[in-house]
Amino acid sequence: MLIGVIADDFTGASDIANTLAKGLPEQGGLRTVQYLGLPAQNAAADVEAGVIALKSRSIAAKAAVDQSLRGLEWLLKQGCEQIVFKYCSTFDSTPAGNIGPVGEALADALGVKGVVACPAFPGAGRTVYQGHLFVRDKLLNESGLENHPLNAMTDADIRRWLSCQTKSSVGHVGIETVRAGAHAIAAALEHAAGEQQTLVVLDAINDDDLISIGRAVADHPLITGGSGIAIGLPANFIVRGLAKGNGSARLGLEGPEAILAGSCSGATREQVEFHRKRYPTLAIEVDAVMDGRTTAEHVVAFLRENDGHAPLAFSSGTPEEVRRIQDRYGREEIAHALDQLFAKTARRLVAAGVRRLVVAGGETSGAVVSALDLGALTIGPEIDPGVPVLVSEGERSVALALKSGNFGSPDFFSKALERLAGR
Ligand SMILES: Nc1ncnc2c1ncn2[C@@H]1O[C@H](COP(=O)(O)OP(=O)(O)OP(=O)(O)O)[C@@H](O)[C@H]1O
Ligand SMILES: O=C(O)[C@@H](O)C(=O)CO
């Protein structure tokens, strides 16, 4: 294994696995596998990039640090030369969040400073300029992410947000230096290390900026960021002859299907609206889940009755609905109840023969995939930017699409089912 990734959620893990498997068009990518939690065994010998999917985005810093350090230990044991800590391209965290503590703990363990922190993912409209994160033409805190049910992003200045979470001061490398190329970036990071800055926010506006950063950090043991930060990394190994450039495989499975959406993000709500005009759809009322009127049995019955017609069950609500429900029951209580509902539903669906499963939302995907106990997932073709086909190993394998809340085109759900079938 050459590159090892510690990802703080399941959809984010498949996002960066997709980037590593794809690589650059001229060179290709790395043979990439996604692990669901810390693997119990060693990786297969032909794996070039291994992505450990944790469910650590919204947990306390200490627990996230412990889990990430255990991930680091396993990845180093597999021979990784470079470690990436993958967090959300919208930097999802609170001022007491764990991106800073995990980044610093990994840096301490590897004995490095001047470590890149760059959430940019231009393909999905996330760019960093003057240390501020944008979602398309909006500052992060005006993009809708200020209403996120778990990690409300109320400040677009990533340097300031990260500084709330770190012990050491946070550095910044501006776009002028990034555009000056790999040598200038490497020198700026070395300077930051000399200033005892552990994490350094880098501006990046397009893929070329990320490719330059990738070149600059070819020999850095640690990098942190969104999936965009990985765009240029496979090439560093391929040009040195350490990998062949045969990344994503053609994969797919036929069989019964279902779609589950727990994400309340803007893109998911648009996809739900698009889908419900064309296919059978069940709206899960949170009130009914909380008082036991809606259970996994109901959701499974609806999805199985509509098999073959791209059925969707969703809990996704508008920011106003989310606020009302949270005031009534509490954020954690709702997250727990919905996680349980989606987890049970997924387990029953797969037991009933469902082989293609599309899930929207990072927390929701984490709950579903943990419940299914699938082991390693091989990365297949890209469905939309940041979302690949994933296929589990074993006799009763399942094809999955784990969609980050804000990813995907309006027709994502039906398109994903087609791609999961290899069409
Ligand atoms: N109608 C609702 N009202 C309140 N909370 C909800 C509702 N539906 C879902 N939720 C909660 O909202 C959260 C959605 O998080 P999830 O990570 O699945 O989606 P996301 O944040 O859009 O995706 P990503 O993390 O990939 O950006 C979950 O904790 C879920 O329990
Ligand atoms: O980086 C992103 O935006 C996604 O991979 C993600 O982590 C959202 O859950």
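Helix 12 contributes the most to the shell around ligand 1, with four residues; helices (H or I, at least four residues) and strands (E, at least two) are DSSP runs, numbered from the N terminus. This is a predicted model, in which local features need pLDDT of at least 70, side-chain atom pairs count only at pLDDT 80 or more, and totals for chains, interfaces and linings use all residues. Residues are numbered from 1 along each chain as its sequence is written, while chains are lettered from A and ligands numbered from 1 in the order in which they are written.

**Confidence**
- The chain has a mean pLDDT of 95, and 100% of its residues reach 70 or more; pLDDT is the predictor's confidence in each residue, from 0 to 100.
- For the complex, the predictor gives an ipTM of 0.97 and a pTM of 0.91.

**Ligand 1**
- Around ligand 1 there are 28 residues, of which Ser263, Gly317, Gly361, Gly362 and Gly405 come nearest; a residue counts as near if its C-beta atom, placed from the backbone, lies within 6 Å of the molecule.
- Helix 12 (319–329), helix 13 (331–351) and helix 14 (362–372) are the elements that give two or more residues to this shell.
- The shell around ligand 1 has nine nonpolar, 16 polar and three charged residues. Here Ala, Val, Leu, Ile, Met, Phe, Trp, Tyr, Cys and Pro count as nonpolar, Asp, Glu, Lys and Arg as charged, and the others, Gly among them, as polar.
- Domain 1 (3–239) and domain 2 (257–420) each supply at least three residues to the shell around ligand 1; the domain bounds come from an automatic or database domain assignment.

**Ligand 2**
- Ligand 2 is surrounded by 13 residues, with Gly12, Asp15, Ser89, Gly362 and Ser404 the closest.
- Helix 1 (residues 10–22) provides the largest share of this shell, three residues.
- Two nonpolar, nine polar and two charged residues make up the shell around ligand 2.
- Ligand 2 lies between domain 1 and domain 2, because both give residues to its shell.

- Ala124 sits in the loop between strand 5 (115–118) and strand 6 (126–129).
- Ala124 is buried, with 24 other C-beta atoms within 10 Å (buried: 20 or more such atoms; exposed: 12 or fewer; partly exposed: in between; C-beta atoms are placed from the backbone).
- Leaving aside neighbours within four places in sequence, Ala124 is in contact with Ser89, Pro385, Gly386 and Phe407 (C-beta atoms, placed from the backbone, within 7 Å).
- In the largest nonpolar core, of 133 residues, Val51, Val116, Cys118, Val200, Leu202 and Ile213 touch the most other members; a nonpolar core is a set of buried Ala, Val, Leu, Ile, Met, Phe, Trp, Tyr and Cys residues joined through C-beta atoms within 7 Å.

Conventions:
Contact = placed C-beta atoms within 7 Å.
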